[in-house]
Amino acid sequence: MKDKFFYLIFFGIILALFRIIPHPPNFTPILASAIMAPMLIKDRLFGISIPIVAMFISDIIIGFHPYQFVIYSTILTIALVSPMKKNFLNLGFMAIGSSVWFFITTNFSVWIIWDYYPKTLEGLISCYTFAIPFFKNTFISTCLFTGLIAISIKYIESINEKTYSLIFNLIDKVRTKKR
C-alpha cells in the first residue's frame with residue numbers, strides 16, 4: 001500500500017482544506033471522495049480511510065458536534081457500496097444516491113438529537129423541508145466532484161506513480177549513502 005501513500009496525503013489535505021476554507025454550506029468533495037477513493041486506490045478499506053481521515057483532520061479545526069458519528073457512518077456506508085470499476089452511469093447513480101442518503105441520515109439525526117423541531121411527523125417533515133437548500137449544494141457538489149475525479153483518474157494515477165518513484169528513489173539514495 002505504500003504506492004498509494006500519495007493518495008492519502010494529497011486527497012486528505014485537499015479534502016480537509018475544502019472543508020476549512022469558506023465555502024457554500026455542504027459544497028465539498030467529501031461524498032465524491034467516498035465514492036471514488038476505493039476505486040481509485042483499488043482497495044476498499046484504504047479508500048474508505050481517505051474521506052474519514054480528511055473529515056477528522058478538518059473537524060479538529062472546525063469542531064465536533066453531537067451527530068458527528070452519523071456523518072462519519074454515512075460516509076463509511078457510501079464508500080462501502082461504491083463501485084470498484086469506472087462506469088459513468090453507475091457513478092452518476094452513486095452520486096445521486098449518496099446525496100440522497102446523506103440528506104436522509106444527517107437530517108434525521110438533526111431531528112432526533114436537537115430540539116429545533118418537535119418529535120412528531122410534522123416536525124420531521126419540517127426538518128427535511130428546511131434542509132432542502134443544503135441538499136441542493138450537496139447534490140451539485142457530489143455530482144460535480146465525482147465527475148471531475150472520474151475524468152481525472154488517469155492523470156491522478158500518473159501523478160501517484162511519479163510521486164511514488166520520486167519519494168522512494170530519494171529514500172533509496174539516502175539509505176545507500178548511509179551504508
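Two cavities of 30 Å³ or more are present in the structure. The model is predicted: local features need pLDDT of at least 70 and side-chain atom pairs count only at pLDDT 80 or more, while totals for chains, interfaces and linings use all residues. Residues are numbered from 1 along each chain as its sequence is written, and side-chain values use heavy atoms, with hydrogens and water left out.

On a 1 Å grid over the protein atoms alone, a cavity is a set of points where a 1.4 Å probe fits but cannot get out; a pocket is an open set with protein on both sides within 12 Å along at least five of seven lines; lining residues have an atom within 4 Å of a point. Grid points are joined across faces, edges and corners, and a volume is the space filled by probe spheres set on the points.

Select Phe-11, Ser-33, Met-36, Ala-37, Leu-40, Ile-50 and Ile-149, which line the second largest cavity. Its volume is about 30 Å³. Helix α2 (residues 30–41) provides the largest share of this lining, four residues. Helices (H or I, at least four residues) and strands (E, at least two) are DSSP runs, numbered from the N terminus. The lining has six nonpolar residues, one polar and no charged. Here Ala, Val, Leu, Ile, Met, Phe, Trp, Tyr, Cys and Pro count as nonpolar, Asp, Glu, Lys and Arg as charged, and the others, Gly among them, as polar.

## Open pockets

Next select Asn-26, Tyr-67, Ile-71, Phe-102 and Thr-106. Of the 29 residues lining the largest pocket, these lie nearest its centre. The pocket has a volume of about 710 Å³. At least two lining residues come from each of α2, α3 (44–62), α4 (68–81), α5 (88–113), α6 (121–130) and α7 (132–178). By class, the lining has 17 nonpolar, ten polar and two charged residues.

Move to Phe-10, Phe-11, Ile-14, Ile-149 and Ile-156, which lie nearest the centre of the second largest pocket, among its 14 lining residues. Two or more residues of this lining come from each of α1 (5–20) and α7, and α7 gives the most, with seven. The pocket holds about 230 Å³ of space. Its lining is made up of 13 nonpolar residues, one polar and no charged.

## Helix packing

Show α1 with α3. Their axes come within 8 Å and cross at roughly 40°, which makes α1 oblique to α3. Axes are lines fitted to C-alpha atoms, for helices over the stretch in contact, and angles run from 0 to 180 degrees between N-to-C directions. Angles under 35 degrees count as roughly parallel, over 145 as roughly antiparallel, 65 to 115 as roughly perpendicular and the rest as oblique.

Residues to select in this contact (heavy atoms within 4.5 Å) include Phe-11 and Leu-15 in α1, and Ile-50 and Ala-54 in α3. The contact residues divide into 15 nonpolar, three polar and two charged.

How far apart are the axes of α2 and α3? They are 7 Å apart, and the helices pack at an angle of about 150°; α2 and α3 are therefore roughly antiparallel. On the α2 side, Ser-33 and Ala-37 are among the residues that meet α3, where the partners include Ile-50 and Pro-51. This contact has eleven nonpolar residues, two polar and one charged.
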